[in-house]
Amino acid sequence: MRSGKFCVGSEKPDRRSRYRSTRDDTQSGAREEGGTNRDPAPFSGPSLIMNGWNRQKQDRDARLGAAATSASRKIVAADQAKALLEAVIRPGDRVCLEGDNQKQADFLAECLAAVDPQRIHDLHIVQSGLVLQAHIDLFEKGIARKLDFSYSGPQGAAIARALTGGRIELGAIHTYIELFARYFVDLTPHVALIAAVEADHAGNLYTGPNTEDTPTIVEATAFKSGIVIAQVNRIVDTLPRVDIPGDRVDFVIQVDRPFYVEPLFTRDPAAITETQILMAMMAIKGIYAEYGVTRLNHGIGFPTAAIELLLPTYGETLGLKGRIATHWALNPHPTLIPAIESGWVQQVHCFGSEVGMDNYMSARPDVFFTGHDGTLRSNRLLCQTAGLYACDMFIGSTLQVDLMGNSSTVTTGRIAGFGGAPNMGSDARGRRHPSPAWLKAGREAVDEPTTLTRGRKLVVQILETFGDKMTPNFVETLDAVAMAKDLHFELAPVMIYGDDVTHIVTEEGIANLLLCRGPGEREQAIRGVAGYTEVGRGRDPVAAEDLRRRGIIRRPEDLGIDLLAVSRQLLAARSIEDLARWSGGLYRPPSRFRNW
Amino acid sequence: MIAAVQIGRADWYEASARDRIAGLLDAGSFVEFLGPEQRIMSPHLAQFDLTGAFDDGIAVGRGTLDGQAVLVAAQEGRFLGGAFGEVHGAKLLGLLRGARERPPRAVLLLLDTGGVRLQEANAGELAISEVIHAILNLRRSGVPVIALIGGRAGAFGGGGIITACCSRIVVAEHARISVSGPEVIETNKGVEEFDSRDRALVWRVCGARSRYLLGGADGYVTGSIAAMRKAAAAMIADVPSFGMTMLQAEQQRLTDRLHRFGACRDAPEIWRAAGLPEPDRVGDIDDEAFLTMPRIAGADHDAR
Amino acid sequence: MEQFQLQGKAVRRAGGTRRQALTGVNASGNLEILVERVLADHECMVEVTTAVAGFRGTWDAVAQDFFTRASPGGLRFSINDGGARPDTVMLRLLQSVRLMEREP
């Protein structure tokens, strides 16, 4: 199975041969155990006839039979969890251990990492996020060997080490939608280990506001004869609402601690700098207002948090209320609270929830998607799709941009994955409905637009020219290229491709890449906002001034922004406490974010 | 809830030392002593490869508050955590000694400090003890010394002790006052004793609301500079006399307090033991509701 | 730590009458600038004390751009730098000139 984009390359014959031999072992072992291998058998006549058309159902029944010794009913005691996993999982299985950048089936992850590697080994992990220590342990202990994933965040360095050490055999790094799509084509899980807030005795699940990936994982597993095991915080008689019907859930385990949720989208306004405020002001005036962007997604960086906090202040003074930023595909960013409370935001659909925001969203059902029980319903697949097809703009931060506008969050020795940004931050070539912002962007990109000229999604990268410790954020070559070479990837991990990027915003100005004609102009436009980095200082000053005259590069003064007005006083909230106040006490931030 | 957050309000917490002084005193009345243009800087930091500040992190001078002559000192909590070094300490000490020779109506100390600068610790420690001495002398001579706390660095280490020696203490919402800071406790006693990253715990133990309810501060203001100005002016007019009777009364009050609450492990236990309403919600209610709350018996005291 | 002076020429005298101004704080990733109106009308100068050695070329590029952009004739800018990035330096320099234009 070497079709993945980021295959371990062919330059190391020793690894390739080891890969082949273990894989063959697994396949033969699987056949002996009753055909766990769900890949279509080679068309060889006899085996097809012998297995019939119901092999997967028979396999499922065999596993459920094996589980009967440890679990006689749907409800399984927590101390029987490991035994259950050892009973239903077979070597070489594809396993989805629910976890993304927010929600984690952490108890089940720890149970799986504790199984006997003699009994269960060589698993193929197919899941959104490799985030917990237990996820890494699976590979360190040999319980799992192959990996297809999307996001790693805090474990980026550990994954890089395990790859280098040969303990992870990487299929590919995906975007969220891409991985979900493969669940239904060639990466369908044999076993899914998921998390929910509550279950009833029939196995119906209430996922609470953090529904996220669960429906997608269960859909792929349960309807293809797989086994679904859920960890839940509580078992109750009656659920507030049913997010997952019980006939798709095989086992439920009540755990004495709630499943973990990372407050990834909480940005403390106290940490927003004046430089970020300046960039935010330029973006609002030079992009949001110019294109009339109403439907959008924001990344999680501080510059976009600054934009959210400037809408009710700076945006208000520009008279933009109701004209921009009304409809969102966005996680419930606490920094959006002032804009919501000021009447800027009409609707928000969420990938997941955010720690502390649940009561606030329940009290704002006109804005958020909520169930009849009153709590948020999130859905990562659908919200990613919304971000891809129904938004006119993505704006997000990145760590590195090259001369063609390619951007990457890979830094030396870390594989952070993609998450959903490339889905938001790419032009949807299948889009057919027009909108003013989309059409304007499309028409700027060509000299003589016609009714055949398709629109473009605005894909905006917003970043400071330097990062921590004077690391330049503009580079000739992305670190991702060197990493791809070291790890023998066929494709360097690029977060947003340059040909999808329409604007780059730095503290020095805005570069409109749509208006550039040819790669030479494009490079000069990028250099022209790259500040005092080597890339920026390598600009042709005459060309940069020419681009500025044509409005391709715009400086703060070109946009009429007074530098003395650039102040934290402009932020509608300057602390987490201010956000809690804006919410009328409904937002309850995690303790580590408090300063009162 | 728009009224709950004032957009564009000048926050004490956010402001620089000089901005705090400018907003606290009558407009344009501040005259700085040894201003930054004189470049009286730390002679020690360069050997640690640290660049200094033109005012060594503290602005001192005179001005008026509602027309009354005051001396004022403001620490810059963002420069080396507002910590005391040799020059920094000498500027504050000189201001306090000068106040004895030409007594103002009051001295206002805008403390914002983590304590002593490690790079010049001996000079810093000496300065703090001399400052304490000078404050007590001033109080004895009848000059009110008012501490105004609410910056990023809080008032920790020697800064916490100096605060406690003042005639009156006003805290703004984000203020923290303590001697050993959360990180110091955690380092010495372990995370089980004190988790410095549990910020709600930090504020429950040394934050403005707890200090105020317990009598560790005399005034509580919302975070604006204007509110601090109003509170400072009110405090000047209402300071206790300073003498043996007062010291004995203060000793008795603290002894009683220790006796009543010494076994409590966290602030809500104190509020519960003291019979305050909704002890677990003290940190969550808004300022208006908080200011209508009763304080524990004896918190509103004249002894300090 | 590194100290150096960067001289420049200005086409005109900086506006306003204020004699001096202080802006920013020397903190990590930040800087303080003391501006004084002490030079001849077409002279300007940035005096730098920085915690991070080895970036004189970048400082010089920032200073020369700043002199061109703001024409701060007559002003001396003394900087205590705690490792501010060039964008922060430029923003603070431009802000400090605006402060000098204000009435004292």
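Two strands pair if DSSP finds at least two bridges between them. Helices (H or I, at least four residues) and strands (E, at least two) are themselves DSSP runs, numbered from the N terminus. In strand 3 of chain C, Leu34(C) is the bridge partner of Leu22(C).

A word on the source. This is a predicted model, in which local features need pLDDT of at least 70, side-chain atom pairs count only at pLDDT 80 or more, and totals for chains, interfaces and linings use all residues. Residues are numbered from 1 along each chain as its sequence is written, while chains are lettered from A and ligands numbered from 1 in the order in which they are written.

Now build up chain C. Its secondary structure comes to two helices and five strands. From the N terminus on, the order is β-β-β-β-α-β-α. Five strands of chain C form an open sheet in the order 1-4-5-3-2, with mixed pairing. Strand 1 (2-9) and strand 2 (20-23) of chain C are the edge strands, each pairing on one side only. From one strand to the next, the twist averages 10 degrees. Angles run from 0 to 180 degrees between N-to-C directions, and axes are lines fitted to C-alpha atoms, for helices over the stretch in contact. Strands of a sheet pair through backbone hydrogen bonds, either parallel or antiparallel. Strand 2 and strand 3 (residues 31-37) of chain C take the antiparallel sense, over four bridges.

The helices come next. Two residues are in contact if their C-beta atoms, placed from the backbone, lie within 7 Å. Helix 1 (residues 56-70) of chain C packs on the sheet and touches strand 1 and strand 4 (43-50) of chain C. The direction of helix 1 makes about 30 degrees with that of strand 1 of chain C. Helix 2 (residues 86-101) of chain C lies across strand 2, strand 3 and strand 5 (75-81) of chain C. Helix 2 runs at about 35 degrees to strand 3 of chain C.

What is the overall form of chain C? The radius of gyration is taken over C-alpha atoms, and the globule rule is 2.2 Å times the number of residues to the power 0.38. With 104 residues, a compact globule would have a radius near 13 Å; chain C has 12 Å, which agrees. Along the principal axes, the C-alpha atoms of chain C fill a box of roughly 35 × 25 × 20 Å. Among contacts in chain C between residues at least 6 apart in sequence, 86% join residues at least 24 apart. A residue is buried if 20 or more other C-beta atoms lie within 10 Å of its own, exposed if 12 or fewer, and partly exposed in between, with C-beta atoms placed from the backbone. Of the 104 residues in chain C, 43% are buried.

Turn to chain A. There are 21 helices and 21 strands in chain A. With 596 residues, a compact globule would have a radius of gyration near 25 Å; chain A has 25 Å, which agrees. The C-alpha trace of chain A spans about 75 × 55 × 50 Å along its principal axes. Of its 596 residues, 56% count as buried.

The pLDDT is the predictor's confidence in each residue, from 0 to 100. Chain A averages 90, and 91% of the residues score at least 70. Over residues 1-37 of chain A, the pLDDT is below 50. It also stays under 50 over residues 40-48 of chain A.

Two places in chain A deserve a stop. Seven of the ten residues of helix 14 (residues 380-389) of chain A are buried, so this helix is largely enclosed by the rest of the structure. Among them are Arg380(A), Cys383(A) and Leu388(A). The other place is Ser575(A), in the loop between strand 21 (553-554) and helix 21 of chain A. Is Ser575(A) buried or exposed? With 24 C-beta neighbours inside 10 Å, Ser575(A) counts as buried. Leaving aside neighbours within four places in sequence, Ser575(A) is in contact with Pro269(A), Ala270(A) and Asn595(A).

Finally, see where the chains meet. The contact between chain A and chain C takes 13 residues from chain A and twelve residues from chain C. Helix 10 (residues 274-291) of chain A gives the most to the chain A side, with three residues. The contact with chain B takes 20 residues from chain A and 19 residues from chain B. Here helix 21 (residues 576-582) of chain A gives the most to the chain A side, with three residues.
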